[in-house]
Structure formats: C-alpha cells, structure tokens
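This report goes through a structure one topic at a time. Please keep the sequence and the 3D view at hand while reading.

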Amino acid sequence: MAARQRPLSPHLQVYKPQITSFLSIVHRATGVVNAIGGLLIAAWLVCVASDAQCYVWCQQILASWFGKLALFAFSASLVYHLLNGIRHLLWDIGWGMEIETVVKTGYLVIALAIGLTGLLWFVALSGGVQ
Amino acid sequence: MTDMRDPLATARGLGSAKDGVNHWWMQRVTAIALLVLAPWFIYFAVSLIGADQDSVKAAIAKPLNATLLVSFIIAMCWHARLGLQVVVEDYIHGWQEITLQLLIKFIYAIAAIAAIIAIGRIVFSA
C-alpha cells in the first residue's frame, strides 16, 4: 500500500535566517559543546587527583595550540549558553516575550558573549599563563 | 468541549510519561544553580592558570572551593544529561535513540561520580 501524501511542514531552508531561530539553534549547539566540555572537566579533575605524570600530560595538551583552541571554543560556548540561558529563564517567568524585546535581547546576548569571552581571555592570557 | 480525560489524571498532572513536569523543572533548577556555579568555576579555573599540581590540589582542598566544585559537577552533569536527552529525542529514533539515551545517562552518572571521588581524594589527602 502506497503511503498517503500527507502535508509536510515547511522545510527549514525556505525560511529567511532570523536572529530568533539562529540564537535558538546556537543555544542547543553550545549546550552540546558544554556537555562535552563538562566530561573533560571531570577527566581533568581525575587527572589532578592522580599521579604527577597524568597532570603533566594534561597540562601539555591544554597548553598546545589545539588545547588552547578547544578551551577558547569551550569558554565562548559556555559564556553564550549562560547568557542566553538567562534569556530563557526570563521567558519562563513571562518576561520579554514581545518580538522586539526578543530581537533586542538577542543582539545584547551576542554583544555580551563576545565582550565577556574577550575579557576572560584578556585576563587569562595577561594574568597567569607563566 | 468535553474533556475525555479522567479527572484523577488531571489532578495527578503526571501525563503519559508519568513524570509530569519533572524534566522541565529540574532543567530550570539546575540552570539557576549553574548561573552562580558556572561563573565561579570559570573564575576558579582562570585563577589556576599556570599552577603546579600541588597548588591546584591545595586550592581544590579548601572547604569552600571543594563544596562549590562538587555542587558545580552535580548541577552540570545533571543539566547536561537533561539537555542531551532532549536533543537525542528530537533527532534520533528507533533503537539508536534508546541506546544513546542509556549511554548518556550512564556517561554523566559516571563522570559525576568520578569527579566527586577525585575531589574527595584531593580533599581528604591534603
């Protein structure tokens, strides 16, 4: 029996990219990145509690260009998800649901995420790498 | 419109999955906890840049830091597990979904337990 041709929901690609949908999917993507980063934090703690060799090995990975890049991506992802999470919690209590406000807080979150991640790495790189 | 639901089901408010709003609510509760704990963790991590193993252990062993770190690990693993569960529910179906859902539960439970044991070892041997 042939499947009945049911109406399909509009495909994602026919929509013009919008700040609302873009930030929504980024929230989910950064959530996944943070979840993976969380496992690395657990692994790091296990390493700190283990022998010196494990710790040195851990430090070498973190200090490499790949380690720094991963840390940068993780920190940016964490900062964004944290800020956008505040936006979600405010929506949960019914604040800022008007579309103009949603767009405004969206741009605010992007600006703050870039600013705070920049500030974090400025402090990290000037504060105590050596 | 006639409501065909049993009034008792409405009163219990648990829905067909039998856990009501628990998932949604715990995601918010852990989110609020992480609003405080995650910035603290970032601050803590940045303060440890360049530190040797003994200094890191000494920092973790401080009672306040150890408490916040364990809280952070629990809230983070819980929140991550709830979040990943929804992502898998949305995009993956069939036996792969069940397998992944179980894996996610186990991985985050083990990650939390391993991290807490590590913190405990550091605290009690400092």
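In which helix does Thr30(A) lie? Thr30(A) lies in helix α1 of chain A.

## Basis of the report

This is a predicted model, in which local features need pLDDT of at least 70 and side-chain atom pairs count only at pLDDT 80 or more, while totals for chains, interfaces and linings use all residues. Residues are numbered from 1 along each chain as its sequence is written, chains are lettered from A and ligands numbered from 1 in the order in which they are written, and side-chain values use heavy atoms, with hydrogens and water left out.

## Two single residues

Helices here are DSSP runs (H or I, at least four residues), numbered from the N terminus. Thr30(A), in helix α1 of chain A, has a relative accessibility of 10% and so counts as buried. For the accessibility classes, buried means under 20% relative accessible area, exposed over 50%, and partly exposed in between (1.4 Å probe, protein chains only). Contact means heavy atoms within 4.5 Å. Leaving aside neighbours within four places in sequence, Thr30(A) is in contact with Ser77(A), Tyr80(A) and His81(A).

Gly83(B) lies in helix α4 of chain B. With 21% relative accessibility, Gly83(B) counts as partly exposed. Gly83(B) and Trp24(B) are 59 residues apart in sequence, and their C-alpha atoms are 9.8 Å apart in space.

## Salt bridges

A salt bridge is a side-chain nitrogen of Lys or Arg within 4 Å of a carboxyl oxygen of Asp or Glu. A search of the whole structure finds 2 salt bridges over all chains. One of them is formed by Arg28(A) and Asp90(B), whose closest N and O atoms are 2.8 Å apart. The pair crosses between chains, from helix α1 of chain A, which holds Arg28(A), to helix α4 of chain B, which holds Asp90(B). Arg28(A) counts as partly exposed at 24% relative accessibility, and Asp90(B) counts as partly exposed at 40%. Arg28(B) lies in helix α2 of chain B and Asp92(A) in helix α3 of chain A, so this pair joins two chains.

The salt bridge of Arg28(B) with Asp92(A) has its closest N and O atoms 2.8 Å apart. Arg28(B) counts as buried, at 17% relative accessibility, whereas Asp92(A) is partly exposed, with a relative accessible area of 34%.

## The contact between the chains

How many residues does the contact take from chain A and from chain B? It takes 31 residues from chain A and 40 residues from chain B. The size of an interface is often given as the accessible area lost when the parts come together. Buried area is that loss for two parts (1.4 Å probe), summed over both. Between chain A and chain B the buried area is about 2700 Å², of which carbon and sulfur atoms give 75%.

The count between chain A and chain B is 2 salt bridges. Across the interface, 8 residue pairs are in polar contact, both residues being at pLDDT 80 or more. A polar contact is a pair of N or O atoms within 3.5 Å; within protein, one must be able to donate a hydrogen and the other to accept it, and residues adjacent in sequence count only if both atoms are side-chain atoms. On the side of chain A that touches chain B, the elements giving two or more residues are α1, α2, α3 and α4 of chain A. The largest share of that side, 15 residues, comes from α1(A).

## Nonpolar cores

A nonpolar core is a set of buried Ala, Val, Leu, Ile, Met, Phe, Trp, Tyr and Cys residues joined through side-chain atoms within 4.5 Å. The largest one has 45 residues, of which Leu45(A), Val56(B), Ile60(B), Leu69(B), Phe72(B) and Ile73(B) touch the most other members. Its largest share, 10 residues, comes from α4(B). Apart from this core lies another, of 7 residues, among them Leu23(A) and Val79(A).

Not counting residues up to four places away in sequence, Leu69(B) touches Leu45(A), Trp40(B), Phe41(B), Phe44(B), Ile60(B) and Ile119(B). Trp40(B) and Phe44(B) are both buried. They both lie in helix α2 (residues 22-47) of chain B, 4 residues apart, about one turn of the helix.
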